[in-house]
Structure formats: C-alpha cells, structure tokens
Amino acid sequence: MGPYLKEHWAVAQGKQPTESFEVALSDDGRVVAFSGGINDGAAAAIDKAIGAAPRVGTVLLHSPGGWLREGQRMADVVKRYRLNTRVERECFSACTLVLLAGANRSAGERARIGFHRGRSIGESAEDRAMPAQREESELYRSAGLKPEFVKRIVSTPNNDIWIPSRQSCCARTF
C-alpha cells in the first residue's frame, strides 16, 4: 500500500503526470494548437480558446499524454464543437482519445501515434483491474476502432507504447 498511498498523496498535492501544456491560436484563427501534457485544466484551456475563436475548425495535437480523464474531457470539447483533429508530430497515450474525437482526423507523414492501456494512480505496470480495462476498451470501440486494434491497445502495458504502422491503422482509422 505504501507506493499507492504515496502517489495518491502527491496527486492530491497537485502532481501532474507529465510536462505542462500550452494552447495557441493560429494567426488566421482556424487552428487551436495544443502541446504538452494532458494535465488538469487542459480541457478547460482548449474550451476557452475555442470559445473565443469562432472560426476554429481544427485542433492540432502534440502530446506525450497524461490523465485519461482529462483526455476524455478534451475529447468531449472536440465533439461538442464538431472539430477536426490533426497530428503532425506525436500523440501518445491519453492524447489518442482527443485525436479520435475529431469529426475528421488526420496525421501528417511524420506523425507518430502511440497507444497503451491506462494506469490508475498507484497502479504498477503489472496491475490492471478488468472493469477498468473494459471501460477503456469501450472508449476506443466507441471511437470506431476495430476490436482487434482495441485488444492490442489494452494489452500493451502502461509502461510501454505501441506505435502501429500507417498501414495497420491510419489508412482505415484516420
């Protein structure tokens, strides 16, 4: 229980899973760029930027991931505004939920999109509760991913990353 409680205490004191984030509006007002960690407040920040820029049509993502629940909240914002999503560089972990929420989703030639199963606070790479795995599977299935693709996502340990080839995913998925 020691590591579990220690991590819960750190999160209660404001520890975030990854680097800070930035939200920027393109000069023409059509793209909101999100870069950095999907940490607390990320969904509210993109919601505020989009709300202040009525011509926004696309969210450009560059993120190592972060909190799963915050990724879901960001995905809800993208869906509410019916925005497109795009990755030019990297979109890993919780970022993939945001990418998959796009009305139209696209990836540049050099984009790297990486998946793995989520992790609860205090959970080790070996731990994984079946109900949580089912819930996470449903998130990806509801985004239109095929069952075998979802199975590969939730079978990839949370301390690893699976970057599918463009042929295996992106032509059909994005």
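**Side-chain interactions in a predicted model**

R69 lies over the face of W67, at 5.1 Å from the ring centre, where a charge sits over a ring if NZ of Lys or CZ of Arg is within 6 Å of the ring centre and within 35 degrees of the ring normal. This is a predicted model, in which local features need pLDDT of at least 70 and side-chain atom pairs count only at pLDDT 80 or more, while totals for chains, interfaces and linings use all residues. Residues are numbered from 1 along each chain as its sequence is written, and side-chain values use heavy atoms, with hydrogens and water left out.

**Salt bridges**

- The count comes to 6 salt bridges, a salt bridge being a side-chain nitrogen of Lys or Arg within 4 Å of a carboxyl oxygen of Asp or Glu.
- One of them joins the side chains of D40 and R69 at 2.9 Å, N to O.
- D40 lies in the loop between strand 2 and helix 2 (42-51) and R69 in helix 3 (residues 68-81), so this pair ties together parts that are 29 residues apart in sequence; helices (H or I, at least four residues) and strands (E, at least two) are DSSP runs, numbered from the N terminus.
- D40 is partly exposed at 37% relative accessibility, and R69 is partly exposed at 35%, on a scale where buried means under 20% relative accessible area, exposed over 50% and partly exposed in between (1.4 Å probe, protein chains only).
- E70 and R73 also meet in a salt bridge, at 2.9 Å from N to O, and both residues lie in helix 3, 3 residues apart, about one turn of the helix.
- Within this pair, E70 is buried at 3% relative accessible area, whereas R73 is partly exposed at 42%.
- In the salt bridge of E90 with R112, the closest N and O atoms are 3.7 Å apart, and the pair links distant parts of the chain, with E90 in strand 4 (residues 84-92) and R112 in strand 6, 22 residues apart.

- The rings of F21 and F34 have their centres 5.5 Å apart and their planes at 25 degrees, so the pair is stacked; F21 belongs to strand 1 and F34 to strand 2, 13 residues apart.
- F21 is partly exposed at 24% relative accessibility, whereas F34 is buried at 1%.
- The rings of F115 and Y140 have their centres 6.0 Å apart and their planes at 70 degrees, so this pair is edge-to-face.
- Ring pairs link F115, Y140, F149 and W162 into a cluster, in which F115 is buried at 0% relative accessible area and Y140 is buried at 1%.
- Strand 1 (residues 21-25) and strand 2 (residues 31-36) pair in the antiparallel sense over 5 bridges, given that two strands pair if DSSP finds at least two bridges between them.

**The surroundings of H116**

- H116 is placed in the loop between strand 6 (112-114) and helix 5 (130-142), and H116 is buried, with a relative accessible area of 13%.
- The side chain of H116 reaches the backbone oxygen of D160 at 2.8 Å, and a polar atom of that side chain lies 3.0 Å from the backbone oxygen of N158.

Notes. Polar contact = N/O pair within 3.5 Å; in protein donor to acceptor, adjacent residues only side chain to side chain. Phe/Tyr/Trp six-rings, centres within 6.5 Å; stacked < 30°, edge-to-face > 60°.
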